[in-house]
Amino acid sequence: MTEAAPKKTPLYDEHVRLGAKIVPFAGWLMPVQYTSIVQEHQAVRNTVGIFDISHMGQLIVEGAGARDWLNAMLTNNIDKLDVGMGQYTFLLNERGGIIDDLIVYRIGDQKFLLVVNAARTEDDFAWLQKYLCAPIQIENRSANFGGVAIQGPRIGDLFLALFGKDIELPPRNAIVDLPFEGTKVSVARTGYTGEDGIEVFFRANDAVKLWNAALEKGKPLGIKPCGLGARDTLRLEMCYPLNGSDLSSERNPIGAGLGFFVDVTKPNFIGRDALLKTKEIGPREKLVPFRMKNKGPPPRPHYAVFHNGERIGEVTSGTLSPSLNWGVGMAYVSAAHAKIGAEIEIEIRGQKFPATIEKKPLYKKSAS
Amino acid sequence: MNVPDDLLYTESHEWIKREGENIRVGITDHAQSELTDVVYVELPKMDRQADAKEAIAVVESVKAASDIYAPVKGTVIEVNKALEADPGLINREPYGQGWIFVLKIDNADDLKQLKDAEAYRKQIG
């Protein structure tokens, strides 16, 4: 972790003004909650919520050959991306270990925006730069750009209120540049909550304007500013992994159950040989979602997982799910035990509590 | 933050209400606000003997688990079972229905080690 003083996003003063509880996270001072994690979580599930994601890294890769080069650096297949589309993908080391999980957007024929984890930005940049070959260029624009995620079933109404009736929401995974109050912002139809929503990227100078407009126009919809606390419970209910908890350089996408985002039919990308081997022999451990069987203490990262008295793994994420009101989590368990419906036990302060391995996602929106 | 004048406090954010030979213990308004939504409380075992500053209960929020300490040496003679069904009482009424346990204290002199409201207010700024 960085020893330098934590950085402030362009929305820091707004968070303080709104009474947020601020915590250091990945080298940034971030709001963990404004009023209540549970209330903020429910706002996203039921109406709409807005998150500051300015801490996330934004890297621009461009130049002749950028597409082929990036396709050899990332696991998913960029050739499937039309201009204006994005995909979830991984940056791996030679051993197939996860350096970062990210979304890559193709914003020009040979120009890409990579939205990466805050804590990994410097490492990702350094890694990519190490392999860079002219005339491709990479720029870390993180310090000059910000972002917000606006998520929840009322996104359509809020989008209309923000951008006017002549502009439509971009399709899922698409990114478009839109005019906004005399400036230009990029809007991507994506998110980390399981709800419909957008992520908006803009120059740092425009952050406050967009944030306050969304809060103002979202007021009749019941919008809430939401912190990292709700972001974490929302993503965990969907079984979206968190790098640093569920993913690390010691884990690969196959063991994490995310092989869908790895295209091994590509002739070459860093980590490919290692992943092929993992696929062939099977991962030693798999990341599985689980739910506690009884009301009791919620599971937490690093709690041990047992089966018939034998230790079979470790919890990487855990919480009390605000939507389900059950303790839920994700754990790496030995592959032999990683079966949906399998009974496991989570050790909490010396006592074992029963849990069941579940199917992804842990939370499913009821038809309505 | 509400810091009632008639209570005593610990550095670890418990409040203490003297009731004759016993003390009633909970966590302060400041502590509940820092912890955020309390979702689970592990109560101490009845009749458990505890040393001062020994962790004897756990309060869990959505984010994390936090130990709750015996403010002074004593024996647990009552626990707040209502918290098992409604842990949010700690957020809503930290000094009332959100109390956690009652200790029969070994030595009333031990209470002199605790902070008064003014000292606690200074601690939390």
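This is a predicted model: local features need pLDDT of at least 70, side-chain atom pairs count only at pLDDT 80 or more; totals for chains, interfaces and linings use all residues.
Visitor: What makes helix 5 of chain A oblique to helix 6 of chain A?
Guide: Helix 5 (residues 155-163) and helix 6 (residues 207-218) of chain A pack at about 120 degrees, with their axes 10 Å apart. Roughly perpendicular covers 65 to 115 degrees and roughly antiparallel needs over 145, so helix 5 of chain A ends up oblique to helix 6 of chain A. Helix 5 of chain A passes helix 6 of chain A in a right-handed crossing.

Visitor: Which residues meet where helix 5 and helix 6 of chain A touch?
Guide: From helix 5 of chain A you get L158(A), A161(A) and L162(A), and from helix 6 of chain A you get A213(A), A214(A), K217(A) and G218(A). By class, that contact has five nonpolar, one polar and one charged residues.

Visitor: Why are helix 2 and helix 7 of chain A called oblique to each other?
Guide: Helix 2 of chain A packs on helix 7 of chain A at about 55 degrees, and their axes are 8 Å apart. Roughly parallel means under 35 degrees, and roughly perpendicular is 65 to 115, so helix 2 and helix 7 of chain A are oblique. The crossing of helix 2 and helix 7 of chain A is right-handed. Helix 2 of chain A brings I37(A), E40(A), H41(A) and V44(A) to the contact, while helix 7 of chain A brings G229(A), A230(A), T233(A) and L234(A). Sorted by class, the contact of helix 2 with helix 7 of chain A has four nonpolar, three polar and one charged residues.

Visitor: How do you know that helix 7 of chain A is largely enclosed by the rest of the structure?
Guide: By counting: a residue is buried if 20 or more other C-beta atoms lie within 10 Å of its own. Nine of the 10 residues of helix 7 of chain A are buried, so the helix is largely enclosed. Among them are R231(A), D232(A) and E237(A). Just after helix 7 of chain A, C239(A) takes a positive phi of about 65 degrees.

Visitor: Where do helix 2 and helix 7 of chain A come up again?
Guide: On the side of chain A that touches chain B: helix 2 (37-46), helix 7 (228-237) and strand 17 (310-320) of chain A each supply at least two residues of that side. In total, 12 residues of chain A are in contact with nine residues of chain B. The chain A side divides into six nonpolar, five polar and one charged.

Visitor: What joins strand 19 of chain A to strand 20 of chain A?
Guide: Six bridges, with the two strands running antiparallel. E347(A) stands opposite K352(A) in strand 20 of chain A. Strand 19 and strand 20 of chain A form a hairpin with two residues between them, and R349(A) in the turn has a positive phi of about 50 degrees. Strand 19 of chain A also pairs antiparallel with strand 16 (residues 304-307) of chain A over two bridges, where V305(A) has I346(A) as its bridge partner. These strands belong to a closed barrel of six strands, 15-18-17-16-19-20 (chain A).

Visitor: Why do strand 4 and strand 7 of chain B stand at the edges?
Guide: Their sheet is open, with three strands in the order 4-6-7 (chain B) and antiparallel pairing. Strand 4 (38-42) and strand 7 (65-69) of chain B each have a single partner strand, so one side of each is left without a neighbour in the sheet.

Visitor: Why does K53(B) count as partly exposed?
Guide: Buried takes 20 or more C-beta neighbours and exposed takes 12 or fewer; K53(B) has 14 inside 10 Å, so K53(B) counts as partly exposed. K53(B) is found in the loop between strand 5 (49-50) and strand 6 of chain B, and its phi is near 65 degrees, a positive value in a residue other than glycine.

Visitor: What makes N173(A) partly exposed?
Guide: N173(A) has 16 other C-beta atoms within 10 Å, which means partly exposed. N173(A) lies in the loop between helix 5 and strand 11 (175-180) of chain A, with a positive phi near 70 degrees.

Technical notes: Residues are numbered from 1 along each chain as its sequence is written. Chains are lettered from A and ligands numbered from 1 in the order in which they are written. Two residues are in contact if their C-beta atoms, placed from the backbone, lie within 7 Å. Helices (H or I, at least four residues) and strands (E, at least two) are DSSP runs, numbered from the N terminus. Ala, Val, Leu, Ile, Met, Phe, Trp, Tyr, Cys and Pro count as nonpolar, Asp, Glu, Lys and Arg as charged, and the others, Gly among them, as polar. Axes are lines fitted to C-alpha atoms, for helices over the stretch in contact, and angles run from 0 to 180 degrees between N-to-C directions. A crossing is left-handed if the near helix is turned anticlockwise from the far one by less than a right angle, and right-handed if clockwise. Two strands pair if DSSP finds at least two bridges between them.
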